[in-house]
Amino acid sequence: MTTRLRTEVAIIGGGLMGSWTAYFLRRRGLSVALIDKGEIGAQSSGVNFGNLRLQGRHPGQIPLALRADAVWDRIVEHLGEACEFERGGHLYLAFDEAQMAKLGHMAEDMFRCGVPVKLLGAAGLRARWPWLGAGVAGASWSARDATANPRLVTPAVARAARRLGAEILSGTRVSAFAKDGERFRLATDRDLEIESDALVNTAGAWGPQIATVFGESAPVFAAGPPQFVTEPLPYFIGPSVQAADGRVIFRQVRRGNVVVAGYPRGASDPVANRAPVDPARTLAAMQSLVEAVPRLAGTSVIRVWSGIEGYLPDMLPVIGVSRTTRGLLHAFGFCGHGFQLGPGVGLTLAELLVDGGTSIPLSDFDIGRFAGEVAHDERLSREFDSASLAATGWSAAGKATLP
Amino acid sequence: MAEARRVLIVGAGPAGVAAAAVLAAHRQRPFLIDEGHAPGGQVYRRASAPVALDIKALFGSQVGKYERLHATFAGLAGSVEHRPRTLAWAVHERAVHTLAEGKAEVHPYDALILATGATDRLLPVPGWTLPGAYALGGAQTLLKDQGCLIGRRVVFCGSSPLLHLVALQYQAAGGEVAAVVDTTTTGAKLAAAPVLAANGFATLLRGLSYMAALRCKGVRIHHGTRLVAIEGETHVTGLRFRDRRGNEHRVEADAVAIGFGLRAETQLAELGGARLRYDSVFRQWLPDVDADGRCAPGLYAAGDGCAIGGADAAEESGQLAAYAALADLGIAAPNARMARLRAHVARLRRFQRGLAKAFDWPHSWPMDMPDQVILCRCENVTLGEVRATLREDIPPADVNRAKAFTRCGMGRCQGRFCGLALGELMAAETGTAHERTGWLRAQAPVKPVPVSTAFPS
Ligand SMILES: Cc1cc2nc3c(=O)[nH]c(=O)nc-3n(C[C@H](O)[C@H](O)[C@H](O)COP(=O)(O)OP(=O)(O)OC[C@H]3O[C@@H](n4cnc5c(N)ncnc54)[C@H](O)[C@@H]3O)c2cc1C
Ligand SMILES: Cc1cc2nc3c(=O)[nH]c(=O)nc-3n(C[C@H](O)[C@H](O)[C@H](O)COP(=O)(O)OP(=O)(O)OC[C@H]3O[C@@H](n4cnc5c(N)ncnc54)[C@H](O)[C@@H]3O)c2cc1C
């Protein structure tokens, strides 16, 4: 027997984007169903590194990021739990003058957008963080940047949404979509059909599958940065730290473990639902970690993982209204920096649906931008391995392989 | 001559050594990787130098098999590439990643035989993390490897055929056995007896002889007990348990060896592409293999790491896996011999399934244990914390989600010692089938790898 569910908004994808959207839509009084093929927050949103970084973001994204930041600030009020949210600050490390110069430009950009970033020389750095390795030439410091525990956040947001009356449907894959007249009709792999006035596509790396049904597309490829974690050690690090070229990214959680990531990102498989980590890459990132923090040489790595994240060639997500279908919104392909943006995206999508517009500039994230020639970010060649770039027409050697 | 095929074996217990012998006889030159300093695996473990042990006293009637394995291995010198003290920490894209003496290496393979064995299966009981409380197999390892005892007066408890054997070995080594507190009833053992007799009469008799020998030496054996607590403030001082009638007893002891059978080491198989299937008798997930041990292209599993089956089944399944690998590499394997091995392994495994009933895993126990008992000893997660997560709105649907929410199984041992109990707790508390709570997905490194590991760039 098939059950029919009628709701004002159906959200496909119970990651961070979908969950925050459900939460803010309920606060605006719309009925919502949040649907996930698996568990709530078990994909990218649940396995990410946990950085809530402002510095270094694309300037066009800062208004959205600051809006998100204001929600993070009041996370306990929103969710009833802190999910290990902490403003520990974020350091970008430069290992040479060229990197330091780049950080200088970035700091100027950030200043113009209202994010204060301080530049630190080697001496100042080591005075404050004496454990830094000798090779570090300087850094940029953003005291406002934060971290949180990704494993806890998304389920907590979904719980808060449910308390406000959202319908949460995990273990439910939306298998067919149609729009007849003004209504969206969704079929699922359970005996459940959903009918809604609006449809939100927050399906992460799977987002394009839904967009395609409605005649639009985005060249998403699935990849993930290798992550690993050490055994717990006495707490000493403090801020979240990232080599400017991404060779190593690390932070220490209060429990004592050092969580580490390192580029290049590797290919992941959204069909088989696998994100394997090449052990050789773990070893390389371990070496970079010891260069940055020699004192970690004596510790051990106990676990590695990665995730299935959707990336786009210009390293910007798709956020906004559909170009083809009234009532359809997209927010997917967050290119490895969506954890911080989550609440901003939820607030903004809720505004688009309830008010019909938003003050947040979204034109950089329009799904229509891929119609002509697709711009490739220079980071593609540096931060991804060739397997993950296979579908992009771009190679890890730095050249486009196709005209 | 055809290009040499790269055949790798992980594990130099009875399964791995038997596989190596078959491969060597067919002039393959297998790599045999083992963490230990010497071959032998868990059962035929050889003492670390300079410890000299009375092997006859330790191995009793099994001393012949012990000597045979080590003689077989000695005979392989020159035809097998033995890598002792080498950890296989990952399998990725048809290569095994190893770590030895601080150096990492990558070994691509055409065929990989995983003979990784098993570890103790444990259940959380009050006091099980106290100094002086050891896993049963660990207590035996200490004796075989170092000639040490875990205490002067030891109580052996749990549910395992090894319970009586290890107690006897302790006694022979000069330890005092305070009692054997067996949690399975005599009734369960009698019910399993026909299957045991039909599939391994001699082994059954041997098991019975262990019990008789213990009794003869005046050791109390309690059947059908429930463990209440391992007691002590800073160190074990005793064990409290209830007998079949519900009367409580206390045994004074300065050490406790506790075990509930074995759990297969399946992580490398999973990383190598094997699917796992649920086994409802052993209540654990095992590599899905064909009769010869094939589990993925170029990947084979044998011994306890494939199906808990004991030393003899390990040896013969190791031979089978080696023949299967040879056949898949295009080297003719002896069909009749393989058929005999298959039949025999199947029979030995039926015997073990009988044993799993005679020594039942009391899977519903975690549900009855108090909240403050630690479930995950690496991350210090209590039963109460997991229960609280299960009661949340949007509770974890499987053990991997429970791990994500509570850190249970996230520590150094990667859930080896809490994973099965976590699943049982979830199943019992939420009324779901155990199978549906899943298994903790394998992640490399299967054991910790030092950050300072050197590697060829
Ligand atoms: C290893 C890793 C580290 C990262 N580190 C950081 C970091 O430090 N800081 C940061 O800001 N960002 C980081 N990110 C990125 C960040 O995690 C993501 O951008 C963000 O979580 C994306 O959220 P999402 O909701 O769009 O996607 P997801 O969390 O992937 O959610 C999408 C959901 O849609 C569901 N779905 C898909 N198709 C269907 C369907 N047909 N029917 C029903 N459900 C469906 C999926 O099951 C999934 O749960 C990292 C990502 C990874 C993988
Ligand atoms: C602690 C313990 C004690 C036991 N004692 C007895 C006994 O006394 N009598 C009895 O009949 N049965 C005993 N058993 C049961 C025993 O497991 C089997 O009878 C038999 O040893 C199984 O043989 P196997 O070859 O499958 O595995 P094992 O003998 O367990 O050998 C597996 C080998 O693989 C190695 N290995 C595993 N993973 C890796 C890795 N990642 N990298 C490198 N090497 C690895 C291990 O070091 C080990 O040497 C014991 C089991 C355990 C766990």
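An oxygen atom of ligand 1 sits 2.9 Å from a polar backbone atom of A:F339, a polar contact (a pair of N or O atoms within 3.5 Å). On its own, ligand 1 has 1,000 Å² of accessible area, and the protein covers 97% of that. Accessible areas come from the Shrake-Rupley method with a 1.4 Å probe.

This is a predicted model, in which local features need pLDDT of at least 70, side-chain atom pairs count only at pLDDT 80 or more, and totals for chains, interfaces and linings use all residues. Residues are numbered from 1 along each chain as its sequence is written, chains are lettered from A and ligands numbered from 1 in the order in which they are written, and side-chain values use heavy atoms, with hydrogens and water left out.

**The ligand shell**

| Residue | Protein atom | Ligand 1 atom | Distance |
|---|---|---|---|
| A:D36 | polar side-chain atom | oxygen | 2.5 Å |
| A:S44 | polar backbone atom | oxygen | 3.3 Å |
| A:F339 | polar backbone atom | oxygen | 2.9 Å |

Ligand 1 is surrounded by 35 residues, each with a heavy atom within 4 Å of the molecule. A:D36, A:S45, A:N51, A:E309 and A:F339 are the closest. The shell comprises 12 nonpolar, 18 polar and 5 charged residues. Here Ala, Val, Leu, Ile, Met, Phe, Trp, Tyr, Cys and Pro count as nonpolar, Asp, Glu, Lys and Arg as charged, and the others, Gly among them, as polar. Three helices of chain A, α1 (16-27), α2 (44-47) and α10 (338-354), each supply at least two shell residues. Helices are DSSP runs of H or I with at least four residues, and strands are runs of E with at least two.

**A sheet in chain A**

Chain A has an open sheet of 3 strands, ordered β17-β12-β19, with antiparallel pairing. Strands pair if DSSP finds at least two bridges between them. β17 (266-267) and β19 (309-311) of chain A are the edges; each has a single partner strand, so one side of each lacks a neighbour in the sheet. Strand β12 (residues 221-224) of chain A is joined to β17(A) by 2 bridges. A:A223 stands opposite A:A267 in β17(A).

**Cysteines**

How many disulfides does the structure hold? Over all chains, 0. A disulfide needs two cysteine sulfur atoms within 2.5 Å. For B:C306, the closest cysteine sulfur is in B:C295, 7.2 Å away, too far for a bond. B:C418 is in no disulfide either; the nearest cysteine sulfur, in B:C408, lies at 3.8 Å. B:C306 is buried at 2% relative accessibility (buried means under 20% relative accessible area, with a 1.4 Å probe and protein chains only). B:C418 is buried too, at 3%.

How values were computed. Polar contact = N/O pair within 3.5 Å; in protein donor to acceptor, adjacent residues only side chain to side chain. Buried < 20%, exposed > 50% of the residue type's maximum accessible area, 1.4 Å probe, protein only.
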